[in-house]
Amino acid sequence: MILDINAFIGKWPYWPVVENGLDYGCDRAAICSTRSVFVNWEDGNRETARACREDGRLLPFACLGTLELSHGRAARDYDFGAYAAQGFRGIRLYPQHHTYHPLYQAWVDQVLEEARARGWPVLLPLRIIMNWGMPLLDLGVIETLVKRHPAVTWILAGINYFHELQLATTLLLQNPNVHIETSCIMGFDAIAKLVEQCGSGQILFGTGAPIQHGRANLEKILRAKISGADRDAILGANACHLLALD
Amino acid sequence: MTMIDAHVHIGKSTRLQIDVDGEMLVRWADELGFDRICCTDLTALFYDMHEGNRLLYEQMKAFPDRILGYASLSSIRFGQAALDELERCRQDYGMRGLKIYSTPDMSIAEPAMLPILEKCVSLEFPILAHTTPQECEYLLGHVPEAKLIMAHAGGQPFAKGDWNRAIIAAQRFENLYLDTATSTIDAGFLEACVAALGPERIAFGTDTPLLDPWPQLTKIVETRIPPADLDLILGGNILRLMGLRR
């Protein structure tokens, strides 16, 4: 099974996107709505849940943000039970798009501990897609957050090359709960080198589709100079294990 | 279909973590099905133009049917020596273009570049320039007859990944071409380029061995572009610019 751990539904606000659904060659995809990132995270999660109800191949990840909106204090709490009841399988955080600092917001720690307790992976992107115009999360923030919550199942996303990959590699080697997804890794032989350094067990296939070219991202894994067992693990087996899928 | 990679690096660069010779590049080109590769030497590009271009010439002699050479300049501040070097690269080494790098702190968009552009016009050299759209507009605003290929088509950090802006610049200048080698694999990129510019002004490149060439190739061939247009993009255009036949 080929499972894309980092796909989207919804509109892309910056330029027209060619919609191909899952036609780039994957069997299942973990999604969240871009409405969660760019408009309102709760509205986006409702879209995500609806899309997953309509297409059983899709797996919902909840994008969470602050409950304090319009300068009002939060009058309620995150309803994780409701998300679980709707079949959500994990969480995504986009601090660089939601104007908060994840190290200084108590609700972030609360969300992360809840995710840990429920066994939900948390996808934390350095960038949403591999485009140099997209806002970046500070690498040091990622490292601190991961080390503050080492028992969380982390998926580091949006990692490109050089120093970014070096940090991710270090965290992977230090903590078996840390994973990396592949949608923004573009370096020459980077997948093979990553497997050589860290093994394949913590690497997850991701595309950023349909915003990024899904098939190009898949080809990167299919052509990587790695063993068939490593390829199978990256393309789906690791994600199936994390998401408790058959 | 003749497939030519118009953006390849050869030689050594600790900064880019590259150490590669012609034999390795030709082996990889064989795996990818590329007939020829257009190379720029990293020593010439970032350190010493005479030494680096001479090194590239040696590699061109070793693989005369596979490696096409770009002369490279490490700076635009060498005056007549740079013009003489370009002459030597054309007449003695048989190189077919110029590769040059620009950064915000050492931009080539200044008067010192204009004699180099004019020299390239006289030598019939296309110029693969690591530039922003704004820099290209300055250069072609002064020497409109130069054949300028915007390396990465805006998909590089200094240009903020803004390939839409690159297209707009190319619409303004008929001698501005776009190179497809980018760490960006945004879906719809090539379709947007072709729709705005036609297929004649797009040159396929991979930036090997900095970037993984497989997604670079896949994002071109796995599109809705007609085969005749792909034929130009994948090789016909760069051959025409270099004054070569298939």
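In this predicted model, strands β3 (residues 36-41) and β4 (residues 67-73) of chain B pair in the parallel sense over three bridges; strands pair if DSSP finds at least two bridges between them, and strands (E, at least two residues) and helices (H or I, at least four) are DSSP runs numbered from the N terminus. I37(B) has I67(B) as its bridge partner in β4(B).

Contact requires C-beta atoms, placed from the backbone, to lie within 7 Å; axes are lines fitted to C-alpha atoms, for helices over the stretch in contact, and angles run from 0 to 180 degrees between N-to-C directions.

| Helix of chain B | Strands touched | Angle between directions |
|---|---|---|
| α1 (residues 22-32) | β1 (4-13), β2, β3 and β4 of chain B | about 150 degrees with β1(B) |
| α3 (residues 49-62) | β1, β3 and β4 of chain B | about 180 degrees with β4(B) |

The open sheet of chain B has nine strands in the order β2-β1-β3-β4-β5-β6-β7-β8-β9, with mixed pairing. Because β2 (18-20) and β9 (202-203) of chain B each have a single partner strand, one side of each lacks a neighbour in the sheet.

In chain A, eight strands form an open sheet, ordered β1-β2-β3-β4-β5-β6-β7-β8, with parallel pairing. Its edge strands are β1 (3-9) and β8 (203-204) of chain A.

Between the chains, 24 residues of chain A are in contact with 23 residues of chain B. Helix α9 (residues 214-222) of chain A contributes the most to the chain A side, with five residues.

Residues are numbered from 1 along each chain as its sequence is written, and chains are lettered from A and ligands numbered from 1 in the order in which they are written. Local features of this predicted model need pLDDT of at least 70 and side-chain atom pairs count only at pLDDT 80 or more, whereas totals for chains, interfaces and linings use all residues.

How values were computed. Two residues are in contact if their C-beta atoms, placed from the backbone, lie within 7 Å.
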